[in-house]
Structures are given as C-alpha cells and as structure tokens.
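Subject: A structure for you to look at

Hi,

Here is the structure I promised to pass on. Please open it first, and then read my notes below.

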Amino acid sequence: MASEEKSAWIMGLVAIAAYAVYLVIVLGRAGHTPLAEVPYMAPMLWSIGGAILANIVLRIAAAAASPRDAGKKDQRDREIYRFGEYIGQSFIAVGALGALLMAMADWDRFWIANVIYLAFVLSAILGSVAKIAAYRWGFQPW
C-alpha cells in the first residue's frame with residue numbers, strides 16, 4: 001500500500017472517530033436540555049486538537065513501520081492527492097454557504113459552529129474515500 005493511501009485511511013478514520021467522540025460527549029450532556037444550550041466549545045476544540053494530534057502520531061507510526069515507502073510520491077500519487085482534495089473541498093464550500101445563511105438568519109452559534117465542524121469532517125471523509133477509491137479501483141486523470 002502506498003504511503004499516500006495509508007495517509008488517506010488514517011485521515012478518514014481519525015475524522016470519523018473524533019467526530020463520533022464529539023457527538024457522544026455533546027449528546028450525552030444534553031439530557032433534557034435543548035442542544036443549543038449544551039456547552040459544546042471545549043469538546044469541539046478537544047476533538048479537533050485530538051484529531052490533529054492522532055493524525056500526526058499515526059502518520060509517523062505508519063512511516064516508521066515502512067520507512068522504505070515513507071514520503072515517496074510519484075506523479076500518480078500527486079494526481080490522486082489533488083483529485084481527493086478537490087472532491088473533499090466541495091463540502092467545505094457547502095458548509096461555509098450553510099453557515100453563512102444560518103448567520104444571516106440569526107441562528108444560534110451552536111448550530112453555525114456545528115455545521116462548520118461537520119463540513120470539515122465530511123470534507124476529510126469524502127476526500128479520503130475518493131483517494132482510497134482511486135488507489136483501489138484506478139484513477140483516470142481528466
């Protein structure tokens with residue numbers, strides 16, 4: 001498996017795990033309280049920071065496990081990376097537009113922040129899936 005494919009697996013799985021932990025914490029705190037009143041900032045910041053740290057540590061571990069392949073990129077790897085990033089960025093644009101509309105409609109900060117966070121998570125997941133699919137089933141540059 002190419003090091004870039006390993007990185008895509010790591011990014012996708014870490015994004016899913018971090019967001020799942022965030023949801024469990026926030027929804028667990030909700031109880032009978034409306035979601036918009038649940039303290040969400042600290043769990044969100046911790047889950048984002050934890051995801052960044054986990055991603056770094058796991059990529060280092062993957063590189064240490066197979067040092068021959070670490071950091072080697074050919075033209076195909078660069079094209080697949082770019083393809084996955086373009087695909088993933090679409091969710092950031094959609095999330096930003098959604099957050100903008102929510103802000104204009106004067107929605108609560110809780111919902112705006114969560115839409116932005118979800119957009120970043122979906123961007124990481126979709127970008128990772130696109131890269132993994134390109135590695136597994138082939139990639140045809142346009």
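In this predicted model, E5 and R136 join their side chains in a salt bridge, with 2.6 Å from N to O. A salt bridge here is a side-chain nitrogen of Lys or Arg within 4 Å of a carboxyl oxygen of Asp or Glu. The pair ties together distant parts of the chain, with E5 in helix α1 and R136 in helix α4, 131 residues apart. The structure has two salt bridges.

A word on the ground rules: residues are numbered from 1 along each chain as its sequence is written, and side-chain values use heavy atoms, leaving out hydrogens and water. Local features need pLDDT of at least 70 and side-chain atom pairs count only at pLDDT 80 or more, while totals for chains, interfaces and linings use all residues.

The chain has four helices and zero strands (DSSP runs, numbered from the N terminus: H or I of at least four residues for helices, E of at least two for strands). Its C-alpha trace spans about 50 × 35 × 20 Å along the principal axes.

Next, the largest pocket, which is lined by 29 residues; M11, A15, N55, F120 and A124 lie nearest its centre. A pocket is an open set of points on a 1 Å grid over the protein atoms alone, where a 1.4 Å probe fits, with protein on both sides within 12 Å along at least five of seven lines; lining residues have an atom within 4 Å of a point. Helices α1 (3-30), α2, α3 (75-104) and α4 (109-137) each give at least two residues to this lining.

Finally, the aromatic rings: a search of the whole structure turns up five aromatic pairs. One of them, Y19 with Y22, is tilted, at 6.0 Å centre to centre and 35° between the planes. Rings of Phe, Tyr and Trp (its six-membered ring) pair if their centres lie within 6.5 Å; planes under 30 degrees apart count as stacked, over 60 as edge-to-face and the rest as tilted. Y19 and Y22 are about one helical turn apart because they are three residues apart in helix α1.

Best wishes
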